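Please look through the sequence and the 3D structure shown below. The report after them goes through selected places in the chain.

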Amino acid sequence: MKGGGRKGETIAAQAGHYIDAGSGAVTPPIQPSVTFARDADYALIDPAYVYGRGNNPTVAAAEALLARLEGAEAALLFASGLAAANALFATLAPGARVVAPRIMYHGMLLCLSRLAAAGRIDLALFDAARPEALEEAITAAETALVWIESPCNPTWEVIDIAAAARLAHAAGARLAVDSTVATPVLTRPIELGADVVFHSATKYLNGHSDVLAGALLSATADDAWRRVGEARWLGGAVLGPFEAWLLIRGLRTLYLRVHRASQSALAIASHFEGHEKLDAVLYPGLAGHPGHAVAARQMSGGFGGMLSVLVGGGRAAALGAVSRAEIFLRATSLGGVESLIEHRATIEGPESHVPENMLRLSVGIEDAGELIADLEQMLAGAP
Ligand SMILES: *Cc1c(COP(=O)(O)O)cnc(C)c1O
């Protein structure tokens with residue numbers, strides 16, 4: 001394809017070198033129509049579009065752009081990240097075995113746990129901090145799907161995607177990677193052997209905390225992939241055209257935003273490593289982080305905008321620090337242009353295993369020096 005080898009930055013900034021064939025407009029239109037007309041012979045004008053629950057031109061434009069950024073053959077967009085994941089899980093045979101990390105994005109772990117409790121899947125959780133644990137889990141019984149996340153919420157453990165792909169494929173399983181935190185800017189899981197890439201597009205891909213969206217991308221548009229598309233159609237989980245349009249707009253600045261957040265997160269992590277008021281700084285860009293060696297190999301251009309800190313003095317000290325935030329916003333979520341800070345154990349609730357003194361930081365694109373100063377004054381008041 002002409003221009004197919006261009007860099008992600010160039011593709012994203014131009015929304016795939018978009019020029020409207022009819023008008024010359026350089027931004028794509030929003031197409032809200034839910035139905036698509038036929039000619040006098042009852043043939044569709046464009047066979048791709050029948051009814052809005054199946055597909056929509058604005059959604060398809062966003063999917064084509066994302067597929068190019070991830071190096072995928074096909075992409076599907078959903079009304080949220082969890083809607084996307086549920087469509088994939090819906091294609092598993094009853095009782096199929098799914099292997100996933102014990103510590104991961106809490107909502108996804110809850111979703112898998114509920115499916116297992118209902119007998120829909122057989123869930124095997126492994127300890128991502130132990131290198132041999134994944135192989136043990138995959139080889140313990142016939143496995144259909146290996147679901148990993150990297151870097152992994154909220155400790156930012158890094159899982160070796162190429163190694164996971166080899167292990168999964170040797171056992172006849174498929175590998176899906178939640179790449180929400182890394183984004184295609186820092187990691188391209190399909191090039192490392194993943195079969196499916198998942199994104200909560202709510203986060204970095206859109207980047208402005210104003211769209212809820214999910215994406216699945218596939219290395220090959222095979223039969224299994226067609227069943228995921230059918231699950232979206234019959235589950236009624238397609239993304240709306242206005243949200244797809246906003247997502248295209250957000251993707252134009254993806255590379256700038258992720259590079260800036262990564263630089264600032266590294267500056268913050270380096271500044272606070274060994275700080276007298278902190279028990280630990282968890283960030284894969286720090287040489288002392290257990291995932292650093294794999295991250296340095298697997299990620300390029302930075303280590304992402306997410307980090308966590310363990311505040312000395314426990315739950316009360318962590319909540320005290322958060323109460324003094326002046327620039328960081330006290331809110332859950334991640335990947336927006338504004339920096340967020342959250343007490344993870346409160347957000348996850350009684351089923352959470354995260355330490356009570358953990359604060360999770362989503363670093364935005366503000367001035368890094370001001371973010372560091374805000375964290376310094378938050379900690380200064382701690383015991
Ligand atoms: C937010 C998030 C999800 C869930 O996505 P929604 O868009 O909120 O449904 C899944 N995985 C990760 C890593 C996330 O951050």
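## Basis of the report

This is a predicted model, in which local features need pLDDT of at least 70, side-chain atom pairs count only at pLDDT 80 or more, and totals for chains, interfaces and linings use all residues. Residues are numbered from 1 along each chain as its sequence is written, and side-chain values use heavy atoms, with hydrogens and water left out.

## The ligand site

There are 15 residues around the ligand, and those that come nearest are Leu-82, Asp-178, Ser-200, Thr-202 and Lys-203. Here a residue is near a molecule or strand if one of its heavy atoms lies within 4 Å of it. By type, the shell around the ligand consists of 6 nonpolar, 6 polar and 3 charged residues. In this count Ala, Val, Leu, Ile, Met, Phe, Trp, Tyr, Cys and Pro are nonpolar, Asp, Glu, Lys and Arg are charged, and the others, Gly among them, are polar.

Several polar contacts can be listed. A polar contact is a pair of N or O atoms within 3.5 Å; within protein, one must be able to donate a hydrogen and the other to accept it, and residues adjacent in sequence count only if both atoms are side-chain atoms. A polar backbone atom of Leu-82 lies 2.9 Å from an oxygen atom of the ligand. For Ser-200, an N or O atom in the side chain is 2.8 Å from a ligand oxygen atom, and for Thr-202 the corresponding distance from a side-chain N or O atom to a ligand oxygen is 2.7 Å. On its own the ligand has 380 Å² of accessible area, and the protein covers 93% of this. Such areas come from the Shrake-Rupley method with a 1.4 Å probe, and for residues only the protein chains shown count as cover. Two or more residues of the shell come from helix 3 (81-90) and likewise from strand 6 (196-200). Helices (H or I, at least four residues) and strands (E, at least two) are DSSP runs, numbered from the N terminus.

## Helix 3

Within helix 3, the residues Gly-81, Ala-84, Ala-85, Ala-87, Leu-88 and Phe-89 are buried. Buried means under 20% relative accessible area, exposed over 50%, and partly exposed in between (1.4 Å probe, protein chains only). An α-helix has 3.6 residues a turn, so residues three or four places apart point the same way.

## The nonpolar core

A nonpolar core is a set of buried Ala, Val, Leu, Ile, Met, Phe, Trp, Tyr and Cys residues joined through side-chain atoms within 4.5 Å. The largest one has 74 residues, and those with the most contacts inside it are Leu-254, Ile-268, Leu-307, Phe-328, Ile-341, Leu-359 and Leu-361. Helix 10 (residues 254-272) supplies the largest share of this core, 7 residues. Both domain 1 (8-251) and domain 2 (255-380) give residues to this core, so it lies between them. The domain bounds come from an automatic or database domain assignment.

## Backbone exceptions

Most residues other than glycine have a negative phi, and most peptide bonds are trans. Two cis peptide bonds can be found here: one joins Ser-150 and Pro-151, with omega about -15°, and another joins Asn-153 and Pro-154, again with omega about -15°. Pro-151 is in the loop between strand 4 (145-149) and helix 6 (161-170), and Pro-154 is in the loop between strand 4 and helix 6 too.

Thr-183 is not a glycine, yet has a positive phi of about 60°. Thr-183 is part of helix 7 (residues 183-186) and is buried, with a relative accessible area of 1%. Ser-333, also not a glycine, has a positive phi of about 90°. Ser-333 is in the loop between strand 10 (329-330) and strand 11 (340-343), and is partly exposed at 24% relative accessible area.

## Contacts and distances

His-343 lies in strand 11 and counts as buried, at 5% relative accessibility. The side chain of His-343 reaches the backbone oxygen of Glu-356 at 2.7 Å.

Ala-380, in helix 14 (residues 368-380), is exposed, with a relative accessible area of 54%. Ala-380 and Lys-277 are 103 residues apart along the chain, and their C-alpha atoms are separated by 7.9 Å.
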